[in-house]
Each structure stands twice: as C-alpha cells, then as structure tokens.
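This note comments on the arrangement of strands and helices in the structure shown below.

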Amino acid sequence: MRVLFTTYPEKTHFLAMAPLAWALRTAGHEVRVACQPKFADVVTQAGLTAVPVGPDRDLWQLMARDTNWFSVGLNGLPVPYDTVDWRPEDVSYEYLRDGYKLHVTKWHKMSNVPLIPGLVEFAQAWQPDLVIWEPSTYAGAIAAEAVGAAHARLLFSLDTFGVTRDHFTRLSPEGAEDPLKEWLAPAAGKYGVPWSERLVTGEFTISLLPPSLRVEADLDYVPMRYVPYGGPAVLPAWLRTPPEKPRVALTMGISIAESSGDMVDLEDLFDELSDVDMELVATIPESVQEKLGQVPDNVRMVSFVPLHALVPTCTAVIHHAGYGTLATTALHGKPQVIVPWNADGPALAKRVAAQGAGLALHVHQASARGVLRNRLLRVLTEPKFTEGAHRLRDEILAMPTPNDVADQLARRVAKVAIA
C-alpha cells in the first residue's frame with residue numbers, strides 16, 4: 001500500500017513518527033512524508049522521502065512576533081487542552097469554546113492553512129491508501145478524506161486533543177458554537193469533504209504511551225511501543241567504556257538551558273551536586289557551556305550525545321519531561337527525576353511519579369537550594385524507584401513493535417478496501 005505521513009515542521013513530533021515509517025517501508029510499502037519545504041532536510045536525514053508542499057510560513061514565525069499568543073492552563077497545557085486531566089464535572093462548555101476560539105485562530109490555522117492545498121493536490125496525484133498525521137495537523141485528515149484514504153493520528157504524548165473533543169461533544173448544547181468545526185468544515189468542504197468528527201480525531205489513533213501513562217478518549221486506539229530515534233548520531237569514544245561510578249544524565253533541553261530567571265541555574269545545580277560520588281553527564285549547548293566557566297570534577301559537559309546510547313549506561317536520569325527523553329528513559333528501566341515547566345511535561349511527570357518510577361518537581365521548585373539534590377539522592381539510594389522503573393519498562397516492552405503495527409495497519413486497510 002501507499003502510506004503518506006504528514007506533520008507541521010516540529011522536529012520532535014516527526015521523530016516520533018519515523019520508526020513506524022521505517023517499519024512500513026521495510027515491509028514493502030511505499031512511504032512519503034509531506035511537509036513544508038524547509039523541513040524536508042529533517043525528513044531526508046531520517047532516510048525517508050520528503051514531499052515539500054506549501055510555503056514555509058508557519059507557527060514559529062507567529063511565536064517570534066507575538067510571545068503572548070499562547071494561553072496556558074494551570075497544568076502547563078494550552079487552553080482548552082489542559083482539561084485532559086481534569087475531573088469531567090469541572091469542565092464547562094464555555095471554557096472549551098473560548099479556548100478553541102483562541103487556538104483555532106492563533107495555532108491550528110497557522111499550522112494547517114499553509115499545508116492544505118499542496119497536501120490535497122499531492123494526495124490526489126499519488127492516491128495514498130493510508131494517511132498518518134500528527135494530531136494537530138488536521139490537513140492530513142482533509143487530504144485523506146478528499147481521496148478516500150484511511151487515516152490515523154499518531155500520538156507522541158497524552159491524547160489532549162481527543163479527550164478535549166470528548167468533553168466538548170458531551171457538553172455542547174444543541175446548535176452551540178463550535179469554533180473548531182466552524183473552521184474545519186469549510187476548509188474541508190473546498191475539496192468536497194463533508195464535516196465529521198474524523199477530521200478532528202481520525203478514523204483511529206496510534207498511541208505510543210504505555211497503559212499506565214495514558215489518558216484516552218472514547219476512540220479506537222492502536223498501541224505501539226516507543227522506539228528511540230533522535231536523528232543522526234555518532235557514538236563518542238568515552239561512552240564505549242562502562243562508567244567507574246554511578247552515572248547520571250542531565251538533559252534539560254535547549255530551551256531551558258538558554259533561558260534565565262525562572263529556569264534551573266546550572267552553576268548552582270553543579271555546585272550542589274559536586275560532592276555526590278557520581279559522574280554527571282550534562283548535555284548542554286556549546287553556547288551555554290562557554291558562559292558557565294569551570295565546572296566540578298564530577299561533571300562531564302557535552303553538546304550532544306545519542307540518548308538511546310547514554311541512558312542504558314546510567315543509574316538515573318534528570319530531565320525536563322520532553323516525551324522522547326522520558327520514553328527513552330522508561331524504555332531502559334531507569335528511574336527519573338523530572339523537572340517539567342510547560343506543555344505536556346507536568347502531566348507526564350505526575351504519571352511517572354505515580355507509578356513509582358521516579359520523582360517529579362516543577363522547575364520553580366528545582367530553583368530552591370537542595371531540593372533537586374534531595375530528589376536525586378533518593379532516586380539513587382531507594383530501591384523502590386528502580387523497581388518502579390522496571391515495571392514501567394515491562395509495560396513498554398509488552399506493547400506491539402512498529403513492525404507489528406505495520407502489519408496491523410496493512411490488514412486494517414485491506415479490510416476497508418474489501419468492504
């Protein structure tokens with residue numbers, strides 16, 4: 001079959017798609033990845049075939065112009081998607097409607113409008129059997145429906161979009177205002193596609209989270225084991241030798257390392273951990289390393305190291321709750337000290353801690369003297385955290401691999417074709 005992947009130009013979201021794209025390709029299916037032109041190199045570096053569509057105007061250009069456009073709820077997720085882990089009785093139609101009004105205009109249109117015409121045009125020419133789209137790239141659903149292809153979302157985290165939509169359809173009075181539909185229906189209608197909820201949540205959803213970390217809607221889910229992929233990588237010589245002391249990885253992401261004020265102060269953190277008998281491997285951009293000066297003897301600073309090679313050598317990992325880092329750490333059964341600040345980080349961190357696989361604290365807590373050190377020492381010395389990490393690892397290993405899911409998708413599409 002022919003399988004078309006599509007995403008707006010967000011690298012971490014594409015990286016979560018790449019292992020399934022590989023699995024489908026090596027199973028003999030034709031695979032293409034449609035994206036904006038400037039993102040094509042990211043796709044081709046993964047050994048996949050890119051199809052440039054649309055102009056390069058995108059979401060991040062808007063963010064550069066207006067730093068206040070993104071309305072964030074108390075749990076770090078954007079409104080109204082912060083309702084994913086609320087109690088159902090605390091959610092209101094008005095809150096959801098107003099959140100959709102904001103983010104349909106300032107987020108979803110910006111991500112999708114540049115893609116839709118070119119994506120539909122390519123789908124009409126290539127005639128895919130299946131379209132797999134990043135969960136906010138609704139252009140993928142429109143293109144699939146326009147050519148009669150099966151289509152699915154691929155989730156890289158909690159199903160914030162599906163659960164929020166469940167709340168909205170449950171709470172909406174008859175004939176009520178629906179900002180998402182009011183945009184998507186005419187956008188799809190230009191291509192002869194009638195409105196349906198499939199344009200929001202797909203025909204089915206591929207989910208990478210293990211059962212204990214999921215929050216799901218009333219939808220058809222296909223679970224798939226997370227396979228780490230972070231782009232091109234080279235194994236450094238020092239990583240080929242087992243560590244002489246307990247090794248701890250520290251990876252807080254470029255954003256947190258380059259920020260100031262309310263983010264973790266790396267110099268203070270290194271000073272707090274300088275007397276701990278361990279090797280701390282800190283992945284920090286070179287531009288930030290230059291500002292830090294001398295670091296303690298137990299700290300190794302590197303600008304990049306392949307995480308899937310580093311984590312197996314570690315006793316524990318400190319990170320910012322980026323999905324790829326969290327999932328890679330969980331896959332290798334390592335306890336985690338999680339320091340999230342926004343997006344899905346706080347919600348994911350809370351679930352990992354609830355499973356006993358680590359400890360979580362918000363970035364504001366981590367700035368207080370001794371707090372992060374205390375959490376790390378607990379994770380290193382209390383066996384229950386390693387035991388919890390092993391339980392989470394076993395959950396992940398029990399999930400179908402991308403190869404298994406590739407076979408499932410082929411059978412699913414074949415049944416639809418026969419019907």
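1. Strand S8 (residues 247-251) and strand S11 (residues 316-319) run parallel and are joined by four bridges. Within this pair, Val 248 has Ala 316 of S11 as its bridge partner. The model is a predicted one, and the points below should be read accordingly.

2. S8 and S11 belong to an open sheet of six strands, ordered S10-S9-S8-S11-S12-S13, with parallel pairing. The edges are held by strand S10 (299-302) and strand S13 (358-360); each has a single partner strand, so one side of each is left without a neighbour in the sheet. On average, and ignoring direction, neighbouring strands of this sheet are turned by 15° against each other.

3. Helix H15 (residues 345-354) lies across strand S12 (336-338) and S13. Its direction runs at about 145° to S13.

4. A further open sheet is formed by seven strands in the order S3-S2-S1-S4-S5-S6-S7, again with parallel pairing. Here strand S3 (50-52) and strand S7 (221-223) stand at the edges; each pairs with a single partner strand, so one side of each lacks a neighbour in the sheet. Neighbouring strands of this sheet are turned by 25° against each other on average, direction ignored.

5. Leu 154 stands opposite Ile 206 in S6. Helix H1 (residues 11-26) packs on this sheet and touches strand S1 (2-6), strand S2 (30-35), strand S4 (130-133), S5 and S6. The direction of H1 makes about 170° with that of S1.

6. Which residues bring helix H14 and helix H18 together? The axes of H14 (residues 323-331) and H18 (residues 383-397) come within 7 Å and cross at roughly 100°, which means that H14 is roughly perpendicular to H18. Ala 327, Ala 330 and Leu 331 of H14 meet Ala 389, Leu 392, Arg 393, Ile 396 and Leu 397 of H18. By class, this contact has seven nonpolar residues, no polar residues and one charged residue.

7. Helix H11 (residues 266-273) and helix H17 (residues 371-381) have axes that come within 9 Å and cross at roughly 45°; the two helices are therefore oblique to each other. H11 passes H17 in a right-handed crossing. The contact involves Leu 269, Glu 272 and Leu 273 of H11 with Val 371, Leu 372, Arg 373 and Leu 376 of H17. Its classes are five nonpolar, no polar and two charged residues.

Conventions
Residues are numbered from 1 along each chain as its sequence is written. This is a predicted model: local features need pLDDT of at least 70, side-chain atom pairs count only at pLDDT 80 or more; totals for chains, interfaces and linings use all residues. Side-chain values use heavy atoms; hydrogens and water are left out. Axes are lines fitted to C-alpha atoms, for helices over the stretch in contact, and angles run from 0 to 180 degrees between N-to-C directions. Angles under 35 degrees count as roughly parallel, over 145 as roughly antiparallel, 65 to 115 as roughly perpendicular and the rest as oblique. Contact means heavy atoms within 4.5 Å. Ala, Val, Leu, Ile, Met, Phe, Trp, Tyr, Cys and Pro count as nonpolar, Asp, Glu, Lys and Arg as charged, and the others, Gly among them, as polar. A crossing is left-handed if the near helix is turned anticlockwise from the far one by less than a right angle, and right-handed if clockwise. Two strands pair if DSSP finds at least two bridges between them.
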